[in-house]
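Work through the exercises below with the model open beside you. Try each task before you read its solution.

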Amino acid sequence: MVLEERTARPAGPGYVNNKDAQGNRLRRIEGQVRGLQRMVDADAYCIDILTQVSAATKALEAVALGLLEDHLRHCLAQANDDPAQLDQKVTEASAAVARLIRS
């Protein structure tokens with residue numbers, strides 16, 4: 001059923017207008033994670049590593065919130081004319097928010 005839902009999605013992702021910015025953010029986060037690996041390899045102080053983990057986590061949360069906002073603006077706006085599709089998109093977005101809150 002998941003595959004059927006994915007094929008029913010509108011052409012192009014909701015983040016298409018922010019793709020470069022999101023890609024840049026993710027590359028910076030990737031660098032942060034590599035830095036964390038180097039810190040562990042170098043036996044850095046635990047609190048310093050935890051501080052950097054917190055920073056990387058916040059950066060990922062910012063990416064997630066940006067993606068969610070883009071999804072709401074793009075996909076919900078496109079589903080506005082079809083009540084069943086709109087309901088599906090709201091349910092999908094609510095589930096995504098719930099996953100973000102639990103993580």
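This is a predicted model: local features need pLDDT of at least 70, side-chain atom pairs count only at pLDDT 80 or more; totals for chains, interfaces and linings use all residues.

**Exercise 1. The overall fold**

Find how many helices and strands the protein has, and what pattern they follow along the sequence.

Solution. 
- Step 1: Count the elements. There are 4 helices and 0 strands.
- Step 2: Read along the sequence. The pattern is α-α-α-α.
- Step 3: Check burial. Of the 103 residues, 22% are buried.
- Step 4: Look at contacts between residues at least 6 apart in sequence. Of these, 58% join residues at least 24 apart.

**Exercise 2. Two packed helices**

Work out how α3 and α4 are oriented to each other.

Solution. 
- Step 1: Locate the helices. Helix α3 covers residues 46-79, and helix α4 covers residues 83-102.
- Step 2: Recall the description. Two packed helices are described by the angle between their axes and the distance between the axes.
- Step 3: Take the values. The angle is about 170°, and the axes are 9 Å apart.
- Step 4: Apply the cut-off. Angles over 145 degrees count as roughly antiparallel, so α3 and α4 are roughly antiparallel to each other.
- Step 5: Find the contact. On α3 it includes L68, L72 and L76; on α4 it includes L86, V90 and V97.
- Step 6: Sort the contact by class. It has 12 nonpolar, 3 polar and 2 charged residues.

**Exercise 3. Salt bridges within helices**

The whole structure has 4 salt bridges. Describe the ones formed by R34 with E30, K58 with E61, and K89 with E92.

Solution. 
- Step 1: Side chains of opposite charge can pair when their charged atoms come close.
- Step 2: Take R34 and E30. Their N to O distance is 2.8 Å. They sit 4 residues apart in helix α2, about one helical turn. R34 is partly exposed at 46%, and E30 is partly exposed at 37%.
- Step 3: Take K58 and E61. The closest N and O atoms are 3.7 Å apart. Both residues lie in α3, 3 residues apart. K58 is exposed at 52%, while E61 is partly exposed at 35%.
- Step 4: Take K89 and E92. Their N to O distance is 3.8 Å. They are 3 residues apart in α4, and both are buried.

**Exercise 4. A buried charge**

Solution. 
- Step 1: Apply the cut-off. A salt bridge needs the atoms within 4 Å.
- Step 2: List the neighbours. Leaving out residues up to four places away in sequence, D70 touches G14, Y15, N18, Q22 and C75.

How values were computed: Residues are numbered from 1 along each chain as its sequence is written. Side-chain values use heavy atoms; hydrogens and water are left out. Contact means heavy atoms within 4.5 Å. Axes are lines fitted to C-alpha atoms, for helices over the stretch in contact, and angles run from 0 to 180 degrees between N-to-C directions. Angles under 35 degrees count as roughly parallel, over 145 as roughly antiparallel, 65 to 115 as roughly perpendicular and the rest as oblique. Ala, Val, Leu, Ile, Met, Phe, Trp, Tyr, Cys and Pro count as nonpolar, Asp, Glu, Lys and Arg as charged, and the others, Gly among them, as polar. Buried means under 20% relative accessible area, exposed over 50%, partly exposed in between (1.4 Å probe, protein chains only). A salt bridge is a side-chain nitrogen of Lys or Arg within 4 Å of a carboxyl oxygen of Asp or Glu.
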